[in-house]
Amino acid sequence: MESIVQSNTLLEIEGLRVWFPIVRGVFSRVRGHIKAVDGVSLFIRRGETVGLVGESGCGKTTLGRAIMGLEQAREGRIVFDGKDLSHRHSTAEARLLARRRQMIFQDPYSSLNPRMTVLDILTEGMEEHGLMEGSKEESALRLLSDVGLDRAMLHRYPFEFSGGQRQRISIARALSVRPEFIVCDEPISALDVSIQAQIINLMMELRQKYSLSYLFISHDLSVVRHVADRVAVMYLGRIVEEGPSDEVIENPLHPYTQALISAVPVPGEEGRKRIVLKGDLPSPSNPPKGCPFHPRCPYAMKVCKEVDPPPAQRGAHRVNCHLHPPGPAS
Amino acid sequence: MKSAPLEPSKPEPGISLRADAWRRLRKSRLALVCLALVAVYAAMALYGEGVYYWFQYQDRTPPYQLQNLSVRYQAPNLLSAHPLGTDGLGRDVLQRLVQGTRIAFRVGLATSMIAIPIGVLLGCLAGYFGGKTDDVIVWIYSTFASIPGLLFILAIAMVVGRGLMGVYLGIGLTTWVGLCRLVRAEVMKHRTRPYVLAARALGMGPFRIIFNHILPNIFHVVIVTFTLRFPASIGTEVFMSFLGIGVQGEPSWGTMISSARLRLWQGIWWEMTFVTLAIFGIVLAFNLLGDALRDALDPRLRTSES
Amino acid sequence: MSRYLWRRILQTIPTVFGVVLITFVLFNIVGGSPAGLILGKNVTPKAFEEFDEQRGFNKPLLFGSWTKTRALEDADFRNGPGAFRNVRGAVWTNGVLTLPPGRYPLPLAFALKPSSDWKLTMEGRVAPGTSVSIFPMIGKISDGFSNDWKKFELIFQSLEKAPEIEVAGGVLELKGVQLRRKTAHFFDSQFVFYLRQLVRFDFGISSSLNQPVAQLLKAGIWPSLALTVPIFVIELILSLVLSLVCAFFRNRFPDRLLVFISVALMSINYLVWIVAGQYWLAFKWGWFPVWGFESWRYLMLPVLIGVISGLGVNVRFYRTIMLDEMYRDYVRTAFAKGVSRSGVLFKHVLKNAMIPVVTNVVIAIPFLYTGSLLLESFFGIPGLGYLGVNAINSRDVDVVRAIVLIGSMLFVVTNLITDILYARLDPRVRFE
């Protein structure tokens, strides 16, 4: 892979594999692996939002969690601001690195501790990292106003709030330790459609205000197009296509991306042809040989069943597909 | 896990979980009666404790030990000095009953103080860390679980020696297993919940996560277990004291039954009857209260019952 | 299947080892030799030593080359002359025992076992030019004596003749003396002794009844089973029937009444059932024999009491299982199809509830063997429960330990059998 390291790269992932062992029996014999993330390379620049799209079970969430250090990588490197996270760091260093990356979760109901007040939820991390300015209440109020909630909510418990309000609290919690990078794991997909836009706008505002970088995980291409500078399309633990959002969406190269995009309803184009994929997502414990997408691909060739397609550069695009062999575009 | 619908098992917003549980508990009149009964017994136990220490402090024979053969075998008479009668040595049955309550509460509390920390700590560690830690803890509790319970308790008491300490340790060191299992299963469920992941992302240490985040969310398991273990421990103490392995030289419900049994054959019915009623009342109250608490606190039952 | 079988069998090993370990910790490490409590005070140290020897208590706990002996208790002269009070010529003053030149026999409580190695550790000092040795001497004259307080060791082999300390050329002053016996080998320990006993299925000798424990267990198991098996069977049938009644009338009067009665039954102490039953049914009204174990009539009352006292818990438990089953979708479907209430109950619910019921039943089987401690001791049924209670009262460690061990092993084995049967019936289990 050619070097993509640039001085303004905040996060760089190289050949990352996260496999979950399938353990059976008394002696914990490993019978196989669920290859949730299977050789992913991706980079995110400072201040940039990268969208990560794909079907359920394609490994998006695992990739996000691995970046957060919530899952162990089996292979590969995650480099954050020049520091390889798989290396052992001193406790202080590790804590600092952890603080600088935060996460927002999909389910606004289970992502807040039901036994803690909003005040405690927001100030716990600040206390842990010694970031408190002024009293607990003041610090928490500042965060609340950032996410558009009022002070009356400070001493309430999470279940007193609606899904949208809870997601705002989640965002405030992530902001409380002043991160530079936030993994947003489908932050709006559990919300009512009417609220989704508000949360998206809030996140975009905060990105400006605190110069954050986002990894925006979603299965909704239209949202990703709206928020992301670049898009990575994930299929069965791998990234099959990656490039600037508009370009990927206007001009998808990979058949899978094309199918995804054709599934997005566009007003006024109801009669448009939809590419319907056959079959289901194969099991990540036993991915197909060759190109992982070949059993469902309308253009599958003989070579697709045998050889894993290498990455090819097409302008700003990177695509893994035998339709687009490496080398200069024809 | 895409666009998960809002979980149906959540209580209606606006009321805290604790308040919600309390409201449910209050709705059951039976549970309130039981709570009151437990409070009466607790007051009795406290009074007994006071009497015990007062006479110890004064270095006098307490009334429940006072022997007076001239008033022995007095039948209960609410207007006399011995409303519940006297026993074969002329000791006041009511006073002894109060002391029995004192012992019963001591046993119920002390055994919980031993069993609950062990069960909660091991359960949390096993559930949260998994892996080898889990293997070792599961090994320990499955070993404990395979030893016949009562015999194990008696054997511990035998080794420790007669007396209350033997009762505490015997019951306390054997009854943590069930709680440990429950806590482990609950913690395992919680450790992958997003709120725990969020706490990890914030940089919280494992022990802080276990005790500040997860434990408050599973504490209902501990409370219900406590309410159901309490009467069971009292029953075991009665049994041990009856066999002569438990309380020595003090009136406990077990020793009272032991001596009343022989007198029953001579037609002295009141000692036996009142002890029986006392035990019945407290055990019944705790059992019903435990059931009510489980219904009020356990979210699983909430969904299945409605 | 056979691989599962082997795995499951291997899985029992840690549990069995755990039980052995717990009994060892309990009886040997925490408990220690019960000789003093069992033999009483008026027994010679030699009898203690023999008691310990028979049960392995005269060895180190886990490992070690030297072990204590009751022939000479450790003497600390700071507290008094101890056994050296009677040694002629020895003078004790101010926490120091002084031995002028001469020969002093060790004040042993009994003759040492001949031809074994011993070690005498002394904390003391000598005047310059003094030599100390021990007879009959195998161990050399120890060097390292000095006029500083210091510990030194004399190693000797015991012969017929009692060992003597010889002091020559000056005065020996002592602060303490300890005698140790050399063990047969480094792992000649209580733990190894215990393991070897277990491997030979030797459960030791009852200290209160002076009989091999194995014999007592053999004699006790039949009366126990004669009591517990009828209780078990009757209770099972009765509580299943009652729980079905509850399920049938769910939340209506008969169900509520039964639940209330169950909780009330649970709350009455076991002792009360026994005392009241024995008093009224047997003694007052003479329906049953009061005490003894001569014919089946003697079992009727204990069985009755056993059934009644356990009924509450069981009815409640089975009721929960039945009701759980009644909420399953297939039951709702059956109702929706128009199957009658009793039809659903017997055809669907009972059949499917059988799995948890059987689990519960099988789990209870190992406890049949220990019998009922209380019932047996009250009604004079010479079963294992009776044996156990008596053993605990007389601190008969070997008997208690054997009952605990066998009870645990039975538990482990029945669990194993249940799991294997399940795996046979339900292939999914094998992969869990």
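**View 1. Chain A against chain B.** Chain A and chain B bury about 2900 Å² between them, 56% of it on carbon and sulfur atoms; buried area is the accessible area (1.4 Å probe) that two parts lose on being put together, summed over both. On the chain A side, Arg115(A), Glu124(A) and Phe159(A) lose the most area to chain B, together 24% of what that side buries. The contact joins 34 residues of chain A to 27 residues of chain B, contact meaning heavy atoms within 4.5 Å. This is a predicted model: local features need pLDDT of at least 70, side-chain atom pairs count only at pLDDT 80 or more, and totals for chains, interfaces and linings use all residues. Residues are numbered from 1 along each chain as its sequence is written, chains are lettered from A and ligands numbered from 1 in the order in which they are written, and side-chain values use heavy atoms, with hydrogens and water left out.

View 2. Arg208(B) and Glu124(A) meet in a salt bridge, N to O at 3.4 Å. Elements giving two or more residues to the chain A side are α1 (60–68), β6 (101–104), α3 (118–129) and α5 (163–176) of chain A. Helices (H or I, at least four residues) and strands (E, at least two) are DSSP runs, numbered from the N terminus. The largest share, 4 residues, comes from α3(A).

**View 3. Helix α9 of chain A.** This helix spans residues 255–262 and is mostly covered, with 7 of its 8 residues buried. Buried means under 20% relative accessible area, exposed over 50%, partly exposed in between (1.4 Å probe, protein chains only). The buried residues of α9(A) include Tyr256(A), Leu260(A) and Ile261(A). Their packing partners in chain A are β3 (49–53), α7 (221–227), β9 (230–235), β10 (238–244) and α8 (245–250).

**View 4. Chain B against chain C.** Here 41 residues from chain B meet 44 residues from chain C. The two chains bury about 3800 Å², 78% of it on carbon and sulfur atoms. Leu151(B), Met158(B) and Trp265(B) supply 19% of the area that chain B buries against chain C, more than any other three residues.

**View 5. Asp291(B) and Arg316(C).** Asp291(B) sits in helix α11 (residues 270–297) of chain B. Its relative accessible area is 16%, so Asp291(B) is buried. Beyond residues up to four places away in sequence, Asp291(B) touches Leu228(B) and Arg316(C). With Arg316(C) it forms a salt bridge, the closest N and O atoms being 2.5 Å apart. The count between chain B and chain C is 1 salt bridge.

**View 6. Confidence in chain B.** Chain B averages a pLDDT of 84, and 91% of the residues score at least 70; pLDDT is the predictor's confidence in each residue, from 0 to 100. Confidence is highest in helix α3 (residues 93–129) of chain B, at 94, and lowest in helix α12 (residues 299–305) of chain B, at a mean of 39. Where pLDDT is low, predicted coordinates should not be read in detail.

Methods:
Salt bridge = Lys/Arg side-chain N within 4 Å of Asp/Glu carboxyl O.
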